[in-house]
Structures are given as structure tokens and as C-alpha cells.
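The questions below ask what lies behind each word.

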Amino acid sequence: MESNVLVVDDSAAIRKILQRVLRQTGMAIQTIHEAGDGQEALAVLGAQKVDLVLSDINMPKMDGLQLLASIKASAQWRQIPVVMITTEGGETKVSEAVKLGAAGYVRKPFTADQIKEKLAGILEPALPL
Amino acid sequence: MKLNEIIAKSVSESTTQVFSTMLGIDIAGGEAAVEAGMPEANEGVISFIGLAGSWAGTGSVSCSPALACRICATMLMCEAPAVNEEVLDTVAELTNMIIGSVKTELELHLGPLGLSIPTVVYGRNFKTKSAGNTEWIVLRFLWDDEPLIVKLCLEPKDQAAHVMFHTSSTQSCTLEV
């Protein structure tokens with residue numbers, strides 16, 4: 001089954017890179033939605049079916065950890081896996097994200113292989129043509 | 001190892017890693033120097049990001065408009081003939097990744113630090129100045145013959161300023177970093 005992914009990052013450059021990387025992973029992805037901060041992400045979640053969220057942490061308005069907490073507090077969304085992709089590599093932030101229920105953590109800068117490896121247990125591979 | 005040496009090593013490793021991972025480029029150089037925080041004329045693209053905690057300061061990445069476009073084109077695999085929003089955003093994210101990695105390394109020595117959202121400035125003949133008497137650790141890298149300069153200043157919190165000023169011949173404003 002094809003999945004819908006939501007990419008949340010205040011950098012349009014990173015969103016563009018993740019769009020490309022996700023398309024190259026070989027995973028069964030139907031639509032990639034984008035949001036520039038946590039508030040925008042919640043609006044997308046309210047309007048679209050989302051199967052996976054990839055989120056930065058440092059963002060204006062609502063940061064990635066607040067977004068993660070909001071998703072995990074919602075009966076409707078708490079089953080959606082959230083993978084943090086961020087420059088925040090300190091133990092404090094990592095353990096905070098894990099405590100809040102993050103499904104994974106990728107540090108920037110990242111390679112396509114690191115993203116693919118992190119998503120391997122979360123998304124289904126695309127069916128061969 | 002002194003803090004300045006730790007910062008210089010970390011900036012060098014971080015910049016090299018970001019270029020290698022995100023652009024597939026082996027960037028040359030990275031020799032460190034310490035410069036006083038005197039205002040200097042700038043031209044091109046400069047991105048600032050603030051660090052806060054028990055120590056506070058500012059990191060910056062600067063380069064020519066041509067190099068900024070080349071970085072954007074390589075990182076995003078797109079055309080970037082002139083400095084536009086996408087180019088500025090790419091330089092901001094590059095700064096976020098370089099200084100963010102340095103921050104993670106420094107936290108091992110200095111305790112938890114916060115990282116601000118980057119601010120990017122593009123123009124000619126503008127000056128930047130930290131509001132403190134700050135020394136900057138400066139590393140100059142080269143991509144082919146084009147320089148990319150990464151700077152970082154860091155002081156114990158009670159000595160640090162959190163505001164950067166930039167001025168040009170026609171106007172001045174405060175950059176919160």
C-alpha cells in the first residue's frame with residue numbers, strides 16, 4: 001500500500017532535498033506533503049491522510065518537539081510514526097524526542113542511505129514494475 | 001586542548017562533513033585564525049545563527065553571490081543563476097547544519113546550548129558587528145578558488161551580547177540572532 005508522507009522543515013531547501021531522497025528510497029510513497037513549521041503541519045494533518053511525518057526540531061511558531069507532543073496527544077494521530085531530522089544531535093534533545101514517542105532520529109547532514117535505513121521498518125517497499 | 005582549538009577543530013570537521021555529505025564536495029582549507037570583532041566591509045551573502053546557554057555567541061557563514069548560487073545548484077540539483085530566495089534559504093540551512101554540528105560537539109564541553117533560526121543578509125558594502133568585545137575564530141575554506149568563510153564567537157553568558165548590528169550607507173537595523 002502506498003503511503004503519504006508529511007515533511008516538516010522551515011527550510012525549503014531541506015524540504016526539496018527530502019522530496020528527492022524520499023522518491024529515491026524505493027519505498028511505496030504516493031504523496032509527499034510539506035509544511036514550514038509545526039502549526040502548518042497540524043493543519044495538513046487535519047486535512048490530509050498522513051502515514052509518516054518527517055520533522056525538523058528548530059522551527060518558528062511551533063517547533064518539532066511541540067509538534068511531536070501534539071501528534072502523540074491526539075487519539076486520531078498518535079499512531080502516525082514521527083521521525084525527527086535535525087541538527088540537534090545532543091543527548092538531551094534525542095532523549096526528549098524518544099520520550100515523546102519519536103519513531104526515529106536522523107542528524108543533519110544526512111545521506112540518502114541514512115534516510116532509507118531509518119524508513120525501512122516504517123514504510124513498505126514499492127512493488128516491482 | 002583550549003576552547004578556541006576545540007572550536008576551530010569542530011568547525012573544520014563540521015564544514016568538511018556538511019560539504020561532503022550534502023554536496024558531495026571535498027572542500028579545501030580550513031586554516032583557523034582569531035580575529036578581533038571589528039566591523040569589516042562585507043559583500044555577498046552572510047548567514048548568522050545564534051548560540052545561547054551558559055555560553056552564548058554567534059556563528060556565521062559567508063561567501064560570494066556566485067559561490068552561494070553554486071552551493072544551491074549543487075545541493076538542490078537545480079539551476080541557480082542568481083541569488084534568490086532559494087539560494088538564501090540554502091545558505092541559511094548550510095549554516096544551520098555547520099554551526100548545529102559544532103554546537104553538538106561544544107555541548108560536551110560547555111553544557112546544553114540553544115540554537116536560533118538563521119538570518120541571511122545579501123548585499124554590498126555592509127558591516128556587521130557583535131555588540132560585545134568579541135574575538136571571532138575564523139576558518140577560510142576554498143571551493144576551487146572561491147572562498148567560504150566560517151566564523152564563530154563564543155563567550156560566557158554574562159559577557160556575551162545577543163544582538164548583531166549591520167549597517168549600510170543608507171540604513172541601519174538590528175539583526176536578532
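An axis is a line fitted to C-alpha atoms, for helices over the stretch in contact, and angles run from 0 to 180 degrees between N-to-C directions. This is a predicted model, in which local features need pLDDT of at least 70, side-chain atom pairs count only at pLDDT 80 or more, and totals for chains, interfaces and linings use all residues. Residues are numbered from 1 along each chain as its sequence is written, while chains are lettered from A and ligands numbered from 1 in the order in which they are written.

Q: Why is α2(B) called roughly perpendicular to α3(B)?
A: Angles of 65 to 115 degrees count as roughly perpendicular, under 35 as roughly parallel, over 145 as roughly antiparallel and the rest as oblique. α2(B) packs against helix α3 (residues 85–110) of chain B at about 80°, with the axes 9 Å apart. That angle makes the two helices roughly perpendicular.

Q: Which residues meet where α2(B) touches α3(B)?
A: Contact requires C-beta atoms, placed from the backbone, to lie within 7 Å. From α2(B) come A68(B), C69(B), I71(B), C72(B), M75(B) and L76(B), and from α3(B) come E86(B), V87(B), T90(B), V91(B) and L94(B). By class, this contact has nine nonpolar, one polar and one charged residues. Here Ala, Val, Leu, Ile, Met, Phe, Trp, Tyr, Cys and Pro count as nonpolar, Asp, Glu, Lys and Arg as charged, and the others, Gly among them, as polar.

Q: What makes α2(B) a helix of close to the expected span?
A: Helices are DSSP runs of H or I with at least four residues, strands are runs of E with at least two, and both are numbered from the N terminus. The expected span is 1.5 Å times one less than the number of residues. α2(B), residues 65–76, has twelve residues and reaches 16 Å from first C-alpha to last, close to the 16 Å expected. Just after α2(B), M77(B) takes a positive phi of about 55°.

Q: Why does L67(A) count as buried?
A: A residue is buried if 20 or more other C-beta atoms lie within 10 Å of its own, exposed if 12 or fewer, and partly exposed in between, with C-beta atoms placed from the backbone. L67(A) has 28 C-beta neighbours inside 10 Å, so L67(A) counts as buried. L67(A) lies in helix α3 (residues 64–73) of chain A. Leaving aside neighbours within four places in sequence, L67(A) is in contact with V8(A), G38(A), A41(A), S55(A) and M62(A).

Q: What makes strand β4 (residues 82–86) of chain A mostly covered?
A: Five of its five residues are buried. V82(A), M84(A) and T86(A) are buried on one side of β4(A), and V83(A) and I85(A) on the other.

Q: How do you know that β3(A) and β4(A) pair?
A: Two strands pair if DSSP finds at least two bridges between them. β3(A) and β4(A) have three bridges and pair in the parallel sense. V53(A) stands opposite V82(A) in β4(A). Strand β1 (residues 3–8) of chain A is joined to strand β3 (residues 52–55) of chain A by four bridges, and these two also run parallel.

Q: Why do β2 (29–35) and β5 (104–107) of chain A stand at the edges?
A: The open sheet has five strands in the order β2-β1-β3-β4-β5 (chain A), with parallel pairing. β2 and β5 of chain A each have a single partner strand, so one side of each is left without a neighbour in the sheet.

Conventions
Contact = placed C-beta atoms within 7 Å.
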